[in-house]
Amino acid sequence: MRNLHVLSPGLQTTVQDRGRSGWRHLGVTHAGALDADAARLANRLVGNHADAAVLELTLRGPTLRFDAPARIALTGAVASARFDGERVPSGRPVDLPAGTLEIGSLRGGARAWLAIDAGIDVAPVLGSRSTDLRGGFGGLHGRALRAGDVVPLGAGFAQQIATPRAPAWWIDHAHDTDQPIRYCPSAHPVASALARRGWTVSASSNRQGLRLQGDALPSPGGDGVSEPVAPGTIQLPSDGCPILLLADAQTVGGYAKLGHVIAADLPRLAQCVPGQPLHFAPVDAATAHRLACAARARIARIGVMIDARLPAI
Amino acid sequence: MNPRPACDIEALADDAWLLRFGDRIDPELNAAVHAMAARLRALDPPWLRDVVPAFASLGVFFDADEDPARVHARLLTLVEELEAAPEVIASEGVIEIPVLYGGEHGPDLESSAAELGLSPQALIERHAAGDYTVAMIGFAPGFPYLSGLDPALALPRLATPRASVAAGSVAIGGAQTGIYPRESPGGWRVLGRTPWVLFDPSREPPARLQPGDRMRFVAIDADEFARLVDVQEAAP
């Protein structure tokens with residue numbers, strides 16, 4: 001039995017997989033990795049199936065002691081990771097002996113994903129190993145990791161090695177950070193005004209939603225009748241500052257809706273750090289669909305490239 | 001039979017459509033939502049991922065690999081079929097939720113009764129006399145929004161929400177009544193508490209109440225409350 005021992009938990013480290021489907025009618029959020037593609041590629045790099053549970057790291061990563069050898073991969077924002085003092089690169093499979101991995105601060109984004117061969121072996125709840133932070137279930141005890149936690153790993157990598165080793169190649173699926181976030185506007189009268197103002201990401205953002213600050217939009221007074229919402233929904237509360245819902249979004253909400261961020265740009269929202277400027281561009285539904293298909297094809301191509309190289313290491 | 005309310009379909013996400021039957025809290029609109037939800041669940045097309053009923057609208061989440069235009073066309077056909085031949089949903093009976101009203105479990109019973117000009121006993125009887133429907137579940141896992149509250153029992157929320165409301169608390173907030181499935185902060189007026197656990201993700205099904213269910217409250221005493229807590233803890 002392999003375990004991860006949490007020496008320090010980082011800012012917010014949670015167990016995530018592709019999230020929960022089929023329970024939204026009971027108020028259960030989707031959860032899951034905020035960038036499902038990045039988590040999928042991390043799994044691919046260590047030979048896991050796409051739905052294996054990984055760790056999602058936020059701004060500052062954890063320090064973890066492996067009590068047995070493991071193959072790991074980091075994707076997303078660049079981590080300044082070290083294993084017993086030696087630098088551990090991102091974007092490729094890295095074989096580690098038993099020892100301590102110190103991930104440290106993330107650069108160029110807010111989140112990274114750490115996959116470990118055979119996955120995080122917590123019990124699935126309602127069909128998923130993802131942590132539901134608001135519901136308090138799933139993942140490890142329904143909460144973010146804490147110092148002293150012991151995280152069970154699946155049975156996997158058995159090779160005895162003395163020092164970390166990694167191939168010379170890596171994958172880079174970084175997002176264009178300068179491009180506007182594309183959204184499909186709703187019929188709400190100020191839906192198009194969102195794209196005409198600049199915004200900054202508020203520090204009170206979390207996995208439930210990104211709060212924006214800026215020149216407030218004209219807003220209806222009270223809340224409307226609650227309707228279903230989804231990751232990507234752009235809400236307009238009465239203070240006129242929009243909220244972009246993310247994977248931990250509640251299932252229904254009463255705020256006015258300005259539209260939704262397109263699926264192809266949802267992973268970019270995972271990397272927004274407090275204070276970062278953000279601007280928007282409207283697109284139509286056909287464009288959103290075309291971009292989503294292109295994004296899926298790109299991830300599939302990277303996956304095939306990884307599979308072709310894995311046997312050689 | 002009344003004609004079905006018309007319904008608009010708009011994009012909720014790249015992988016979800018929103019069917020809007022109206023924009024107000026109305027039992028007839030809510031019944032149309034639940035009829036459409038039942039129809040979709042019965043058909044269970046392979047692209048269906050989630051069906052989310054709300055007061056007057058229905059979220060339909062589909063497989064992201066599916067062409068949204070095809071799903072839209074299919075939903076449009078279903079809406080037209082339901083408008084042409086409304087289904088009468090067979091009632092599956094009324095779920096009874098036991099409640100111990102007042103005392104430590106219902107800290108707002110007396111002040112609420114005084115505000116409404118009723119005796120505490122009269123407030124209990126009128127609250128328990130209601131025939132409620134689970135209009136939707138949301139806010140938190142298993143939190144039921146119930147329609148059917150006697151309008152004369154509407155109460156403003158607490159000026160300062162409580163930092164902690166016990167799991168199972170039965171409360172009134174505005175013109176609505178509901179049950180807190182889990183200990184949480186809350187501003188509704190707490191009249192009592194049910195010993196039932198409303199949401200437990202380790203059970204199948206995880207929630208005692210489903211959207212569209214009919215239910216009523218049954219007043220119980222402290223002995224019965226303790227007995228039901230024991231029964232539930234002994235359950236597998």
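**Reading the model**

Author: Start with the domains of chain B. There, 8 residues of domain 1 are in contact with 6 residues of domain 2. Helix α1 (residues 27-43) of chain B gives the largest share of the domain 1 side, 4 residues. By class, that side of domain 1 has 6 nonpolar, 2 polar and no charged residues. Keep in mind that this is a predicted model.

Reader: Where do the two domains of chain B run, and how far apart are their C-alpha centres?

Author: Domain 1 of chain B covers 8-84, and domain 2 covers 94-234. Their C-alpha centres lie 29 Å apart.

Reader: How many residues does each chain put into the contact between chain A and chain B?

Author: In general, the size of an interface is often given as the accessible area lost when the parts come together. Here we count residues instead. Chain A gives 33 residues and chain B gives 37. On the chain A side, β15 (227-228) and α3 each supply at least two residues. Helix α3(A) gives the most to that side, with 4 residues. By class, the chain A side holds 16 nonpolar, 14 polar and 3 charged residues.

Reader: Which residues of α3(A) are buried?

Author: An α-helix has 3.6 residues a turn, so residues three or four places apart point the same way. In α3(A), the buried residues are A:Ala288, A:Ala292 and A:Ile306. Their cover includes α1 (36-45) and β12 (181-185) of chain A.

Reader: Which residues have the most contacts inside the largest nonpolar core?

Author: In soluble globular proteins, nonpolar side chains tend to be buried together. The largest nonpolar core in this model has 156 residues. Those with the most contacts inside it are A:Ala42, A:Val54, A:Trp113, A:Leu114, A:Ala115 and B:Leu19. Look at A:Ala42. Beyond its neighbours within four places in sequence, A:Ala42 has contacts that include A:Val54, A:Leu74 and A:Trp113.

Reader: In what order do the strands of the open sheet in chain A lie?

Author: Strands of a sheet pair through backbone hydrogen bonds, either parallel or antiparallel. This open sheet has 6 strands, in the order β7-β6-β9-β4-β1-β11 of chain A, with antiparallel pairing. β7 (86-87) and β11 (150-153) stand at the edges; each has a single partner strand, so one side of each is left without a neighbour in the sheet. Take one pair. Strand β1 (residues 2-8) of chain A is joined to β11(A) by 4 bridges. A:Leu4 stands opposite A:Val151 in β11(A).

Reader: Now single residues. Is B:Arg24 buried or exposed?

Author: Count C-beta neighbours. B:Arg24 has 10 inside 10 Å, so B:Arg24 counts as exposed. The residue lies in the loop between β2 (16-20) and α1 of chain B. Leaving aside neighbours within four places in sequence, B:Arg24 is in contact with A:Val225 and B:Ala56.

Reader: And which residues does B:Ala128 touch?

Author: B:Ala128 sits in helix α4 (residues 120-128) of chain B. With 17 C-beta neighbours inside 10 Å, B:Ala128 counts as partly exposed. Not counting residues up to four places away in sequence, B:Ala128 touches B:Phe217, B:Val218 and B:Ala219. B:Ala128 and B:Phe217 are 89 residues apart in sequence, yet 4.8 Å apart in space, C-alpha to C-alpha.

Note on methods: Residues are numbered from 1 along each chain as its sequence is written. Chains are lettered from A and ligands numbered from 1 in the order in which they are written. This is a predicted model: local features need pLDDT of at least 70, side-chain atom pairs count only at pLDDT 80 or more; totals for chains, interfaces and linings use all residues. A residue is buried if 20 or more other C-beta atoms lie within 10 Å of its own, exposed if 12 or fewer, and partly exposed in between; C-beta atoms are placed from the backbone. Two residues are in contact if their C-beta atoms, placed from the backbone, lie within 7 Å. Ala, Val, Leu, Ile, Met, Phe, Trp, Tyr, Cys and Pro count as nonpolar, Asp, Glu, Lys and Arg as charged, and the others, Gly among them, as polar. A nonpolar core is a set of buried Ala, Val, Leu, Ile, Met, Phe, Trp, Tyr and Cys residues joined through C-beta atoms within 7 Å. Domain bounds come from an automatic or database domain assignment. Two strands pair if DSSP finds at least two bridges between them.
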